[in-house]
Amino acid sequence: MAKPKIATDWLGGCAGCHMSLLDIDERIVALLELVELTSSPVTDLKHPPEEGVAVGVLEGAINNTVNLRVARQMRQRCKTLVALGDCAVFGGVPAMRNAFTTKEALERAYITSESTVDGKVPQDPELGRLTKRCCSVGEMVPVDVNLPGCPPSADAIFNTLSALLEGRAANPTGDDLKYD
Ligand code: SF4
């Protein structure tokens with residue numbers, strides 16, 4: 001029998017949620033024996049997942065047009081979509097830019113910041129355009145499971161993925177449910 005497919009991707013955020021996913025340690029080996037990982041930042045497979053994915057996991061917030069495209073593709077191709085981490089669940093740290101206009105946010109990041117390199121807002125179309133607001137994944141596409149935390153613990157991620165792969169409801173509770 002074909003193994004269920006899992007796809008993961010990250011949007012606007014840091015690598016912390018993915019590090020927590022990898023902290024599952026040896027249990028990830030057992031998990032990977034049960035599934036086929038079709039797309040993951042860890043494997044550098046940045047293309048969108050193929051059709052027929054059982055569980056899609058999105059980390060990070062929707063901050064630009066590329067993030068939005070990836071989120072829509074994941075929703076379209078994954079039976080169950082998990083928003084992983086505070087940024088994905090409610091916007092988290094990247095949503096702090098919502099206190100500013102996009103123009104102000106870009107100027108602060110690239111022109112007036114002390115870490116500015118050459119004082120220009122990048123125009124590379126590959127980067128996508130900043131969306132008017134930074135949004136949670138659920139604001140833009142329907143999400144089946146929200147797993148908050150910055151980052152969620154490895155146990156919470158393992159428990160959620162195991163439940164989904166075994167066809168059980170994944171409703172994070174107790175120690176698995178935390179907002180940072
Ligand atoms: Fe990083 Fe925290 Fe956002 Fe995860 S929730 S991407 S750890 S800032």
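Reader: What makes β5 and strand β7 (residues 145-147) a pair, and in which sense do they run?

Author: This is a predicted model, so take everything here as computed from it. Two strands pair if there are at least two bridges between them. β5 and β7 have three bridges, so they pass, and the sense is parallel. One place to look is leucine 84, which stands opposite leucine 147 in β7.

Reader: How do you know that strand β3 (residues 53-59) pairs with β5 too?

Author: The rule asks for at least two bridges. Six bridges join β3 to β5, and the two run parallel. You can find valine 53 opposite cysteine 78 in β5, and valine 57 opposite valine 82 in β5.

Reader: And what makes strand β1 (residues 5-10) a partner of β3?

Author: Again, count the bridges: β1 and β3 share five, in the parallel sense, and at least two are needed. Alanine 7 stands opposite glycine 56 in β3.

Reader: Why is β3 called largely enclosed?

Author: Six of the seven residues of β3 are buried, so the rest of the structure largely encloses this strand. Buried here means under 20% relative accessible area. Strand β5 (residues 78-84) is mostly covered as well, with six of its seven residues buried.

Reader: What makes aspartate 144 and arginine 75 a salt bridge?

Author: The cut-off is a side-chain nitrogen of Lys or Arg within 4 Å of a carboxyl oxygen of Asp or Glu. For aspartate 144 and arginine 75, the N to O distance is 3.0 Å, so the pair qualifies. Aspartate 144 lies in the loop between α6 (137-140) and β7, while arginine 75 sits in helix α3 (residues 65-77), so the pair ties together parts that are 69 residues apart in sequence.

Reader: How far apart in helix α5 (residues 102-112) are lysine 103 and glutamate 107?

Author: They are four residues apart in α5, so about one helical turn separates them.

Reader: Why is lysine 103 called exposed, and what is glutamate 107 called?

Author: Exposed means over 50% relative accessible area. Lysine 103 has 55%, so it is exposed. Glutamate 107 has 30%, so it is partly exposed.

Reader: What about arginine 168 and glutamate 166?

Author: Arginine 168 is at 46% relative accessibility, so it counts as partly exposed. Glutamate 166, with a relative accessible area of 54%, is exposed.

Reader: Which residues are around the ligand?

Author: They are Cys14, Gly16, Cys17, Gly85, Asp86, Cys87, Gly149, Cys150 and Pro151. The elements that give two or more residues to this shell are α1 (16-22) and α4 (86-90).

Reader: What makes up the shell around the ligand, by class?

Author: Five nonpolar, three polar and one charged residues. Cys and Pro count as nonpolar, Asp as charged, and Gly as polar.

Reader: What kind of peptide bond runs from cysteine 150 to proline 151?

Author: That bond is cis, with omega near -5°. Most peptide bonds are trans. Proline 151 is found in the loop between β7 and α7.

Reader: Why is alanine 109 called partly exposed?

Author: Alanine 109, found in helix α5, has a relative accessible area of 43%, so it is partly exposed. The C-alpha atoms of alanine 109 and glycine 119 are separated by 9.3 Å, and the two residues are 10 apart along the chain.

Technical notes: Residues numbered from 1 in each chain as written. Predicted model: local features only at pLDDT ≥ 70, side-chain atom pairs only at ≥ 80, totals over all residues. Heavy atoms only, no water. Near = heavy atom within 4 Å. Buried < 20%, exposed > 50% of the residue type's maximum accessible area, 1.4 Å probe, protein only.
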